[in-house]
Amino acid sequence: GHQKDTTIESGIMAAVLVLLLAATCAAQDPEQRARALLARMSLDDKIELVHGGVGPYTGNVPANRPLGIPALTLNDGRQGVRLAGADATAWPSELTVAATWDRDLMHKFGVAMGEEFYGKGANVALAPMLIIARVPQGGRSFESIGEDPVLGARLAAAEIIGIQSQHVIANADDFVLNNQETARGSISAVADERTRYEIYYPAYQAAIDAGVGSFMCSYNKVNGTYACENHETLTVDLKGRMGFKGWVLSDWGGTHSTIDAALNGLDMEMPGGDYFGK
């Protein structure tokens, strides 16, 4: 119906808009150009933009050359570029930098990583990781922002501004309540609204305020519903109250439906098109 078409086109519009913001500006502003492009796109053109494909990067969305839409080349990771067969800098872990409490250092960290991503052809850095460390044994705490939501918020903004200063789109991940690796694809993290906004959301809100271009939704369920099709966290909170205007992509293999995911806030499936490519 009309609601479904409008919701899906809003996601495509967000992805195109962020790409145009990262590219060289023409006479029109990016939002006008994105709307003009959307009006010229066929259904096949639109489907190509909402899921990943084959390529050398962690995530690959092909260019649409007739419409002048560049390819999306998304790449890990939070401690620098990870490309098979390519040399890359082994940067300190994000948690190590966070432990300095030094916003200027975190900004330099972001600038340096962004420069390397750009130099290796990646235009979306899958960083920073903004998971709040609530489980001491959490397998991804080392690459995240730590356990303090206020400190995390200050540092997240500094890193994102640094990354995006190098013409690379930053990605705030993993949204949200992705507290542990054990059973991450099936566990349901339970948190009420106050807990989410006071503990889990501050770093993500800071990312939005800093102009982050993209978000990644996580593998786990939140209050019984998968994070990548969760109306409450993606639509009501992230795109509504928190004011996020970019696009949301799934963690790799984190999409579980077509209609529910598309209508509840997911804009792009990664790494393939099992649900959004048909």
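## Strand β2 and its partners

In this predicted model, strands β2 and β3 (residues 124-125) pair in the parallel sense, with two bridges between them. Within that pairing, leucine 74 sits opposite valine 124 of β3.

β2 has another partner as well: strand β1 (residues 59-61) runs antiparallel to β2, and three bridges join the two. Here valine 61 is found opposite leucine 72 of β2.

## Which way the side chains point

Let's stay with β2, which covers residues 72-75. Leu72 and Leu74 point one way from the strand, while Thr73 and Asn75 point the other way. In a regular strand, side chains alternate between the two faces of the sheet. Are these four residues of β2 buried or exposed? Leu72, Thr73, Leu74 and Asn75 are all buried.

## A closer look at serine 214

Now to strand β6, which spans residues 214-217 and includes serine 214. Serine 214 has a relative accessible area of 0%, so it counts as buried, the cut-off being under 20%.

What does the side chain of serine 214 make a polar contact with? One partner is the side chain of asparagine 171, at 3.0 Å.

Leaving aside residues up to four places away in sequence, serine 214 touches Ile169, Ala170, Asn171 and Ala172, together with Phe244, Trp247 and Leu249. Val124 is also one of the residues that serine 214 touches, and valine 124 of β3 is the residue that leucine 74 stands opposite.

Methods: Residues numbered from 1 in each chain as written. Predicted model: local features only at pLDDT ≥ 70, side-chain atom pairs only at ≥ 80, totals over all residues. Heavy atoms only, no water. Buried < 20%, exposed > 50% of the residue type's maximum accessible area, 1.4 Å probe, protein only. Pairing = 2+ DSSP bridges. Polar contact = N/O pair within 3.5 Å; in protein donor to acceptor, adjacent residues only side chain to side chain. Contact = heavy atoms within 4.5 Å.
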